[in-house]
Each structure stands twice: as C-alpha cells, then as structure tokens.
Amino acid sequence: MKGQLSTEYGKIIIDEDVIARYAGSAAVECFGVVGMAYVSMTDGIVKLLMRDSLSQGVNVSLNNNTINIQLHIIVAYGVSISAVAENLISNVKYSIESGTGMKVSKIGVYVEGVRVID
C-alpha cells in the first residue's frame, strides 16, 4: 500500500519503503541506538543491520493516510531503555510527519538486543 496526499497541484504517492528508510535513518541518529535489528523468524536470530539496509528493521503500515511504524532496534549497554525509546519515538514521529506531511498514529519500539560499545 502507498501513502497518498492530495495538494492543489495534484497527488503525491509515497511508497512504504521510502517511509521505512526515513524512519530507519531517524532512528539510528538517536542517542543510545546502536542500530536497527533484523529478526529471522526461521532461526530466531537477531542481526545488527548495516547503514545501507536500515529499512529492514522497520515495519510500516498505512491506513487511511495515517502511518503505523514498528522499529526493531539494538541499544547500547548502560543507557536507559525507556529514555532511548521516548527520544526515538519523538524523533521518528517528527521526521516522518515533517518529511511526508502524513500523520503518524502509532510507533512501536522493540528492543531486540543490547550491545557493549567500546
């Protein structure tokens, strides 16, 4: 499904993958987030994603031009997970809403792992 905005000049169609990349980029910029995570359903193994595949750790669904986002992240050891999650939600919501003009109705944060940073 694609997001659609109507303006005075015509329609703007935004693919879910574009929104996922936006969300992934905003997420990894947050303090305490080591990176996005990909959970293999067959193995049950969590993988830290590289910068070029950030959208794989993000699930986006569109419903009546509102966006629901699920972020799978790995956090740094020693940080407050609740503080990281609140900051993450705020930053991603602002980034998506200002970048697309669409309303974010829900953001779910799933902490898939903790990593020690040197």
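1. Start with strands β6 and β7. In this predicted model, strand β7 covers residues 103-115 and runs parallel to β6. The two strands are joined by 11 bridges.

2. Helix α2, residues 81-100, belongs with β6 and β7 to a β-α-β unit. The unit is right-handed.

3. Strand β5 spans residues 58-63 and pairs with β6 in the antiparallel sense. Six bridges hold this pairing in the model. Val 60 has Ile 69 of β6 as its bridge partner. The two strands form a hairpin, with two residues between them. In the turn, Asn 64 has a positive phi of about 55 degrees.

4. How many of the 11 residues of β6 are buried? Eight are, so the strand, residues 66-76, is largely enclosed by the rest of the structure. When viewing any strand, keep one rule in mind. In a regular strand, side chains alternate between the two faces of the sheet.

5. Turn to Ser 95, which sits in helix α2. Is Ser 95 buried or exposed? Ser 95 is buried, because its relative accessible area of 18% is under the 20% cut-off. Which residues does Ser 95 touch, leaving aside neighbours within four places in sequence? The contacts are with Tyr 22 and Ala 26.

6. Step back to the whole chain. The chain holds two helices and seven strands. Their order from the N terminus is β-β-α-β-β-β-β-α-β. The chain has 118 residues, and 37% of them count as buried. Its accessible surface comes to about 7,100 Å². Carbon and sulfur atoms account for 51% of that surface.

7. Contacts also reach along the sequence. Take the contacts with a separation of 6 or more: 64% of them join residues 24 or more positions apart.

8. Last, confidence. The mean pLDDT of the chain is 84. A value of 70 or more is reached by 81% of the residues. Among the elements, α2 has the highest mean pLDDT, at 94. Strand β4, residues 46-48, has the lowest, at 62. Where pLDDT is low, the predicted coordinates should not be read in detail.

Methods:
Residues are numbered from 1 along each chain as its sequence is written. This is a predicted model: local features need pLDDT of at least 70, side-chain atom pairs count only at pLDDT 80 or more; totals for chains, interfaces and linings use all residues. Side-chain values use heavy atoms; hydrogens and water are left out. Buried means under 20% relative accessible area, exposed over 50%, partly exposed in between (1.4 Å probe, protein chains only). Helices (H or I, at least four residues) and strands (E, at least two) are DSSP runs, numbered from the N terminus. Two strands pair if DSSP finds at least two bridges between them. A crossover is right-handed if, with the strands pointing away from the viewer, the path from the first strand over the helix to the second runs clockwise. Contact means heavy atoms within 4.5 Å. pLDDT is the predictor's confidence in each residue, from 0 to 100. Accessible areas come from the Shrake-Rupley method with a 1.4 Å probe; for residues, only the protein chains shown count as cover.
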